[in-house]
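Please look over the sequence and the model shown here before reading on.

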There are 2 protein chains.
Amino acid sequence: MASSNTRERILQTSLALFNAHGLPSVSTHRIAAEMGISTGNLHYHFKTKRLIVEWLFRRFDDRLATIDEAGGGVRAIDDLWLALHLRFEAINEYRFVYRDMAHLESEYPETAAKSRTLMARNLLNARALCEKLAALGVINATADEAEMLALQIVFTTTCWLSFERLVTQNAASTRPSDTGLAAYYTLTLLTPYVDPQSRAYLDYLRSKYVQ
Amino acid sequence: MASSNTRERILQTSLALFNAHGLPSVSTHRIAAEMGISTGNLHYHFKTKRLIVEWLFRRFDDRLATIDEAGGGVRAIDDLWLALHLRFEAINEYRFVYRDMAHLESEYPETAAKSRTLMARNLLNARALCEKLAALGVINATADEAEMLALQIVFTTTCWLSFERLVTQNAASTRPSDTGLAAYYTLTLLTPYVDPQSRAYLDYLRSKYVQ
DNA sequence: GTCTATATGCGGATAGAC
DNA sequence: GTCTATCCGCATATAGAC
């Protein structure tokens, strides 16, 4: 039916605007205007802006959960690159979440709490991943080093895309946000620890991404 | 005179509130209420909220510039630890800047542009620093590795304190934000490259900060 | 310098007609 | 479902008295 169509368009439009201009800067008026509908109509589908944010966050969360499941089979550096790439794709599609996290904290505490839970999950997964890579001999790292690597990986996947916008020139509007490059950058954290074979793969990526 | 006193108090109060609740969530009303003055009075001293933000950012910028000057003499890992610690102290005192960077981008474009300039400066400084440490033999890294380390250091100093809030339990209000720990965490990026002597210092820090 | 009072606009959200 | 019209509250900012 047309109803759920509008509902879906609201979510898509909101997501695009949140990503482009930031959660606090995008009003329900603006969302409705962008879609060419009235604010009354918008509030018929979502009683509050908060509900829109919650729905979008839930999708983000589900998306990452799916990636996590599939990512359990990482056994080598190139698997890891793919897993990271997919992860950055997802984070990029919902980039408003991490970029406006401070605002989320103060205005949408329930969603922020879920975000904390997500972060804890990410840490556990990353830790398990690094331990596995160490056990497989893909990386040569002590338990402490593996632990630190896991933290660095989670830190980077969470914050890198936001940071990248600061460094790249003011082409803030026209941002393709190369998620492959982001994945490569994350992998470089492992550089000092990888075995020679994996090292060759990193060099291959390097030639691909660094001019 | 009392006038400039009030002006200063406005800046201090604004800074504290921005840090505690976020730039977009703190209104001029709230600042005035917190100080026990009227909004009219506040606007007598600062015609717009934007001016307050610009003054605070300028102080932040100056503060980092001072640290940069003093930091030119880093010749060993313990020097670097001190320099990083001072830097995190400054970033922590003005943490609203990086935490609400997305909002700064959309609502205070001029300040955001200055922030970009600052970031470029940071990158150059970090690069020079890593090259120097490599030349001194404190770290054993190729030119590429030194370059990557510099990027990682800037990324970490910029985003770590924001990320930390996400990971630590919901004691978001009562956050001492251990800047020494942040500096130690940043140093761990160098771990794989340091010479044995510096390694000993890192181990000392580790025993101090990691339970 | 500091106050009270007020103008103006925007954002979220609702009422009721169609 | 969708619209128009409107309410309410808050935020920035100003005017004018003290």
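This is a predicted model: local features need pLDDT of at least 70, side-chain atom pairs count only at pLDDT 80 or more; totals for chains, interfaces and linings use all residues.

Residues are numbered from 1 along each chain as its sequence is written, chains are lettered from A and ligands numbered from 1 in the order in which they are written, and side-chain values use heavy atoms, with hydrogens and water left out.

Chain A contains 11 helices and 0 strands, where helices (H or I, at least four residues) and strands (E, at least two) are DSSP runs numbered from the N terminus. The C-alpha trace of chain A spans about 60 × 35 × 35 Å along its principal axes. Over all chains the structure holds 20 salt bridges, a salt bridge being a side-chain nitrogen of Lys or Arg within 4 Å of a carboxyl oxygen of Asp or Glu. One of them joins Glu105(A) to Arg116(A), with the closest N and O atoms 2.8 Å apart; this pair links distant parts of the chain, since Glu105(A) lies in helix α7 of chain A and Arg116(A) in helix α8 of chain A, 11 residues apart.

How many residues does each chain bring to the contact? Chain A gives 42 residues and chain B gives 41 residues, where contact means heavy atoms within 4.5 Å. The area buried between chain A and chain B is about 3200 Å², and carbon and sulfur atoms give 68% of this area; buried area is the accessible area (1.4 Å probe) that two parts lose on being put together, summed over both. Arg116(A), Phe155(A) and Leu166(A) supply 23% of the area that chain A buries against chain B, more than any other three residues.

Between chain A and chain B there are 2 salt bridges, and Asp144(A) forms a salt bridge with Arg206(B), in which the closest N and O atoms are 2.9 Å apart. On the side of chain A that touches chain B, the elements giving two or more residues are α7 (101-107), α8 (109-136), α9 (143-167), α10 (179-187) and α11 (196-209) of chain A, and the largest share, 15 residues, comes from α9(A).

Finally, the model has 6 cavities of 30 Å³ or more. On a 1 Å grid over the protein atoms alone, a cavity is a set of points where a 1.4 Å probe fits but cannot get out, and lining residues have an atom within 4 Å of a point; grid points are joined across faces, edges and corners, and a volume is the space filled by probe spheres set on the points. The largest cavity has a volume of about 370 Å³, and of the 22 residues that line the largest cavity, the closest to its centre are Tyr98(A), Arg99(A), Tyr98(B), Arg99(B) and Ser162(B).

Note on methods
On a 1 Å grid over the protein atoms alone, a cavity is a set of points where a 1.4 Å probe fits but cannot get out, and a pocket is an open set with protein on both sides within 12 Å along at least five of seven lines; lining residues have an atom within 4 Å of a point.
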